[in-house]
Amino acid sequence: MSDANFTDTVPQNNLQTVESEQKLVSSLRSQAIVNIRNSLRLGQQQMADWKSGKLAVSAVPGAGKSTGMAAAAAIAIARQYELNANSLRNTRRQLVVVTFTRSAAANIKVKIREYLRDKLSLPQTGFVVQTLHGLALNIASRHPDLSGLQLDEVTLVTANQSHRLLRNAVEKWIAYHPGQYIRLLEGLNFDGEETEKLRRQSVLRTEVLPDLATTVIHEAKSSGLSPEDLREYSKYTNDEYKILNVAAGLYEQYQELMRSRDFIDYDDMILAALRVLNDPYARRIEQNQVFAVFEDEAQDSSPLQTKLLEILATDSGKENNNTKPDQINLIRVGDPNQAINSTFTPADPIYFREFCEECDGIERLATMNRAGRSTPIVIQAANFMLNWVNSLYVRGKGKAEITPQFPVPFRQQMICTVEPNDPQPNANPPHIGRGLELYTPRDIHHSVELMQQRILELFADDPSNTSAAVLVRENRQGRWLAEALTPICKQHQITLYDAGERDRHSHVPAEILSLLQFCDRPHSPDYLKASLEVMVKRQLIPTQDLNALAAQPEDFLYPTALAAPQPEAVQRAARLCRSLLKAKLELPLYQLISFIALALNYDQAELATADKLSDRVNLQIAGSSSMGSMLGVLSEVVGSERFEAVETEDVEARYTRGGQLTIITMHKAKGLDWDYVFIPFLHENLIPGKFWVPPQSQFLGSFTLSEVARAQIRVALHHGKENIPTISEAWEQAKYLKIAEEYRLLYVAMTRAKRMLWMSAARKAPFTWSKPDNLQEQNPCPVFPALKRQFPESVVDLA
């Protein structure tokens, strides 16, 4: 039978039926898209209406950014399915959603899947949600020849300034640049006295130069700058220390050491991905897998991260031989008023502001200014605070007049309450008490008494459905508060969660190091006691007198027949210790960490963290595998790195559980909310704070090298190298950046509250929280008296 005859045998009405069914499905899906869109607020609808090109979304706190982005993502995926169905070629492009943290990625992934499954009846595919660094690493790993990264050969490190890498880089720089080092050593008013010389050498080697290296390397690498670029910048400065030249040398030595040891840091991931995308063929491969990029928390992106996303989001039209100019399909969502990372990362709100201005010029700026999170008086307080801070600079009463180098701290964007028919349940909830409560206690102990009283009142009626948090500026405040609040919380069965203590760093490396040190030297009383303390903490053995057990390790571990019988608790501890020693003898070295993790009864997340640690250690000691080298790597991780634990998907839920009082820093609270928020200790020395030059390094001048270098680099990037400021000008700009960011941090803290915001500034407080008992008169944060004047009905009379 011929092909023509075979084709004729297919009934025409069957083809028409298939076509009509496809049209019906398309119509139903179009109606579902309309229904999703109608359930959104105006700003969210502008995201849902996006089809191509750039779109900037400036969203206030509580406006529903993640909900809007998830809905817009699901609609964009549905449209792409439709496009693929109607196209002769199935391009299988996907949407890339980028978020700032892994927990945020998990959260938005769940929401997109719900929209696709429940609202659109579509497969839960066609998209990927990643952090920026995860996205970069995936691109780099797919093209190892171009990226220069062989993932099975490199080790990721997150070095702090005490890391051996930085210390070695400093020592190598000193050896190669003795003249510049001597000039730093001389500083100001040096008379050559030997004791003072030794003191200055110690300060430079262990504090000043490592701090300069840490700050500048991260700032420069994240901006795509090489050591040669910094040397070029240095030609436009006239400071006698040649700070940028010194920084370039430190950067160069650091890079050489990283390469020699096959180490990479997070910035190297971004740079590796960009090396891949600089290749035309690889770039086309990556771009042809993506139909658009959606970015959340865009105010926290660095220049290189933004460049990476824009390249990936570019539709060159080459796949279909299209002659249209390149189009960037990119939605960036953020809030420049919540930019709180720029003083310790290269992120700068100026980049997202510029993107908003660019999109505004082509009428592609959406504003999400309606928020349903907070009760109206909390919104009023936050808006007042924003206007009041900006007015300092408008009137010229701040630290600097408004200039390109000194913009106002906040974008002039007010939070509005939602419309009466808003879809969010319980939007702008009624306030509890006064809604905003302002206290001026006698001292910090009086602050605790007032908080305890208010906490008990709030948890009295329905404790299991009550969420509350105390937001602090420093972890040291949190530790002190946790100790002060623990008795009252235990008495009234309120769960107290100290996020700083739990999350300051992963406990897994330190615990495993303690047990491995014991396995290596079981006769050491110190190591035995440290391992027993871990077992007690993990509730593997009962609490007992560990000093008595550790005093005679051999008698404890292997008692003779003549020894007095051991109590059951001691026998249990000894058996566990002997099992560790037996494992050391019988297991291969690379399995020891995993065995110890199981022995400590780690949960799923802790086991995953231990596996991550084991992979890292075994990779690093490959070729010289020994207990000594393993302990050396672990000691470095514990002492000099920020080892990140593997997070579970509900990582944020543990901070906001009902029936729980959470103590958490203002930085970590971003993106979260509670019914009741307490912000104590609002003092001027912390918010906005002051730039403080440590006394031991004041021989260099009334500034720090690291902050001057950071400010000079940022001016060169934003305004050109010809405008690099002098040391004094750079120091003033660094102070401005700190003050502006501290006020934004307070704004973030205030907008976490849903039904009540409790704020206080005690008359007496510590000058430094490392000595909390040393109380003295402290000025309140300048915003606090202004709030009291603006909201007199919220001032609580303590008489």
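Student: In β9, which residue is the bridge partner of phenylalanine 294?
Tutor: Good place to start! This is a predicted model, where local features need pLDDT of at least 70 and side-chain atom pairs count only at pLDDT 80 or more, while totals for chains, interfaces and linings use all residues. Residues are numbered from 1 along each chain as its sequence is written, and side-chain values use heavy atoms, without hydrogens and water. In β9, phenylalanine 294 has as its bridge partner isoleucine 331.

Student: How many bridges join strand β6 to β9?
Tutor: Strands are DSSP runs of E with at least two residues, numbered from the N terminus, and two of them pair if DSSP finds at least two bridges between them. Strand β6 (residues 290-295) runs parallel to β9, and the number of bridges joining them is three.

Student: What is the bridge partner of serine 58 in β9?
Tutor: Strand β1 (residues 54-59) pairs with β9 in the parallel sense, over five bridges. For serine 58, the partner in β9 is glycine 334.

Student: Is tyrosine 351 buried or exposed?
Tutor: Tyrosine 351 sits in helix α16, a helix being a DSSP run of H or I with at least four residues. Because its relative accessibility is 17%, tyrosine 351 counts as buried.

Note on methods. Buried < 20%, exposed > 50% of the residue type's maximum accessible area, 1.4 Å probe, protein only.
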